[in-house]
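Hello,

Here is the structure you were waiting for. My notes on it follow below.

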Amino acid sequence: MEEFTLLTPLLLGIGGLIIGAVLKSALKHSRFPYTVGLFIIGLVVGLINRTGGFSFSPHLTEAVNTVTDINPDFILYVFLPVLIFDAAYELNLHIFRKTLANAALLAVPGLIICMLLTGAFIVGMGQVIPGLEEWNWTFALMFGALISATDPVAVVALLHELKTSKRFSTLVDAESLLNDGTGIVCFMLFFGTFTASGAHTASPFAEFIQVVVGSTLLGFLMARAVIWFITRINSEEMIQNSAIILSAYLTFILSQYTLEISGVIALVAFGLTVTYTGKPRFKPQVNAFMERFWELMTYMANTLIFLIVGVVIAGKVDFTWQQLGILILIYIALNLFRLLMIMVLYPLMKRMGYGLSRRESVILTWGGLRGALGMTLALMVSYTPGIPEEIRSQILFFTAGIVTLTLSINATTMRWLLNRLGLIHVPSARTLLDYKIQNHIHEESEKYFSRLKEREALAGADWNKVEKYMNTVPPEPTRTPRPNAFLTEIRLRVLDREKSCCREIFDTGIITQTVFRRLMNSLDELYDHDGNYPLSRRDSIFSFCRRTHILYSMQKITPIRQWVSFYFRERIMIIHDLGRGFIILQKEDLKLLDELSHSDLLTNEQKTGLETLKEEVRLNITTMNTLIQKLATDFPGAYRHALTHKAIRMLLSNEKRTIRQMQGGGVVSEKDAEPLLNNVDERSDKVNSFSHTIPASILRWMFFPKKETFLNKKKYPTVRSLR
């Protein structure tokens, strides 16, 4: 019996994942949200156990009871870090920056508005409804804080599945990330008064600012430390990934448990910093492993957490019909409060970042689901003896009921509402192009099928059965795209090609991390305009390349001449790499446009329109070639330095490519190839051993003796001599 008790957590985890795998397979072609299905299964299992349905198996009963009595800290410290870090790690940083203002409005003032309205509503009901007399403002605001934080896992998954606007789904995701932190901070301000650590001397506002600033700073510093460590150890990706995983958990535990600040906010800052600063500096295999690992961990966490929440609600919650009526009133009120909050903030939100349409504001209101975080905080309340038992029971019931209602009503009707509001609209040009692509694939399959039937070796095959496995072509779209719609759609395809090629030339060492980031940022800026801007509108790249003469003029300032000389040479190298990398991308664009012009995917009229795009790309190449040529003429010394570094990187990249080709051909084993690749990486690190920033130059000047400095005239001549 004791051995079974020790195995219970493991067996429960295995059982939950098996249930999740079966359910995900069953719902593969269904429109029913997977997480909602898990929650319902958890409810059913909990109810069966509560009514004695598992009495035939004492072990099974004990296992379900273990889940029912789960410690809320287990959910908080085991599952929450996975979900928070993965959400932050997967965010598109460019879109997140544009949606940050709106997300922050929803997460801070928005949550506080909902918290205050909910608290006032509960206190008001306590004046007129029997059974709520014990509720004071502290209890009501504590409940308002824990129930106002949204957890739209099901909605975000549905938005991704339906391929709705990436900007809108990022806003929903970002709000969830930020208001999880705000919700916990606000909750702890009131909950702390009932715990041993609840002596708060500062004002709530000052404490809130302290927690937010402290958490953000801790997350940022932890991320910078792990990035520094990973980029300086020359070890296999398993060790590097282990450092990131352990640091994510350590960040959460340090902030939430040791320092008593917000683990959620710290982990968001950690994840965003690792994504923006670390990803471009990590080896490609490290990033590939990280994406697969966190995708698996998130799937497992979501599977288990929704099952656990369902079992806990069914096993622990007691209610009366009167409480059920109050719950329905609270559910209606919470949706109305969220609607009111968004209406108040809407005039600001529609003008900030990407803006917010009225239809999107409706989805934002209805998509404010409650989930695991609220239940975790409610369980913490239910285990706190300093709170009256009646209040603990009611908070647990109300929270469980709101989670159940939002998941079973809001989440399941979201697809219908999105359709009704027309937010799953796909542009007619994209629909027609997708149809032509599928039709082209079908025609090629038919040709190959005909050739297969002529092969003597396959003469006995059942060709009627084989034919059933050919892909089917959807009906031809009836909507006619507007005249310029195809140009818009093709521009987006060109940008996709550029993005893919940009990652490829970065992974092969043709461009540096700094150049990679600038090129990707310029692509994101064009994505913001949905293909309506010409491909030649690359203001950020061209303006960066033209600002060189500012540094040249600064050489007249004697005290900083040496720093400027060093930074100037590095700047010329970045501009050269940026220019050459940009030209490579533009040539790839021309190849794609040529392929389209020679294919049967477009009509003759549409192919004529491709010339407009080719002219935009050629203009980019001409402009950049002119800039690089001017650079070589004006600053030959610095330009030669840039060419030297470029040649070194290309030499090392070719050596690495040769080793991988030999490994793929079986000439060199994977074990023997590893030290060879590590040797190339070590030489690459020497080339990029110093940062290309003025702060880094200052640090070098501070910590290197003058005779050994890297800024002396002998090693780094002045700007005038570089010219």
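Helix α19 covers residues 485–507, which makes 23 residues, and spans 34 Å between its first and last C-alpha, close to the 33 Å expected at 1.5 Å a residue. Just after α19, Gly509 has a positive phi of about 85°. Please keep in mind that this is a predicted model.

Helix α5 (residues 93–128) has 36 residues. From first C-alpha to last, α5 reaches 49 Å, close to the 52 Å expected at 1.5 Å a residue. There is a bend in α5 of about 50° at Thr99.

Next, a helix pair. Helix α3 (residues 58–68) packs against helix α12 (residues 284–316) at an angle of about 95°, and their axes are 8 Å apart. Angles of 65 to 115 degrees count as roughly perpendicular, so α3 and α12 are roughly perpendicular to each other. On the α3 side the contact is made by Val64, Val67 and Thr68, which meet Ile308, Val311, Val312, Gly315 and Lys316 of α12. By class, this contact of α3 with α12 has 5 nonpolar, 2 polar and 1 charged residues.

On confidence, the chain averages a pLDDT of 79, with 84% of the residues scoring at least 70. Confidence is highest in helix α13 (residues 321–349), at a mean of 91, and lowest in helix α28 (residues 719–722), at 40. The pLDDT is below 50 over residues 690–723, a stretch with 60 contacts in the model beyond near neighbours in sequence. Where pLDDT is low, the predicted coordinates should not be read in detail.

Regards

Technical notes
Residues are numbered from 1 along each chain as its sequence is written. This is a predicted model: local features need pLDDT of at least 70, side-chain atom pairs count only at pLDDT 80 or more; totals for chains, interfaces and linings use all residues. Side-chain values use heavy atoms; hydrogens and water are left out. Axes are lines fitted to C-alpha atoms, for helices over the stretch in contact, and angles run from 0 to 180 degrees between N-to-C directions. Helices (H or I, at least four residues) and strands (E, at least two) are DSSP runs, numbered from the N terminus. Angles under 35 degrees count as roughly parallel, over 145 as roughly antiparallel, 65 to 115 as roughly perpendicular and the rest as oblique. Contact means heavy atoms within 4.5 Å. Ala, Val, Leu, Ile, Met, Phe, Trp, Tyr, Cys and Pro count as nonpolar, Asp, Glu, Lys and Arg as charged, and the others, Gly among them, as polar. pLDDT is the predictor's confidence in each residue, from 0 to 100. The expected span of a helix is 1.5 Å times one less than its number of residues. The bend at a residue is the angle between axes fitted to the seven residues ending there and the seven starting there.
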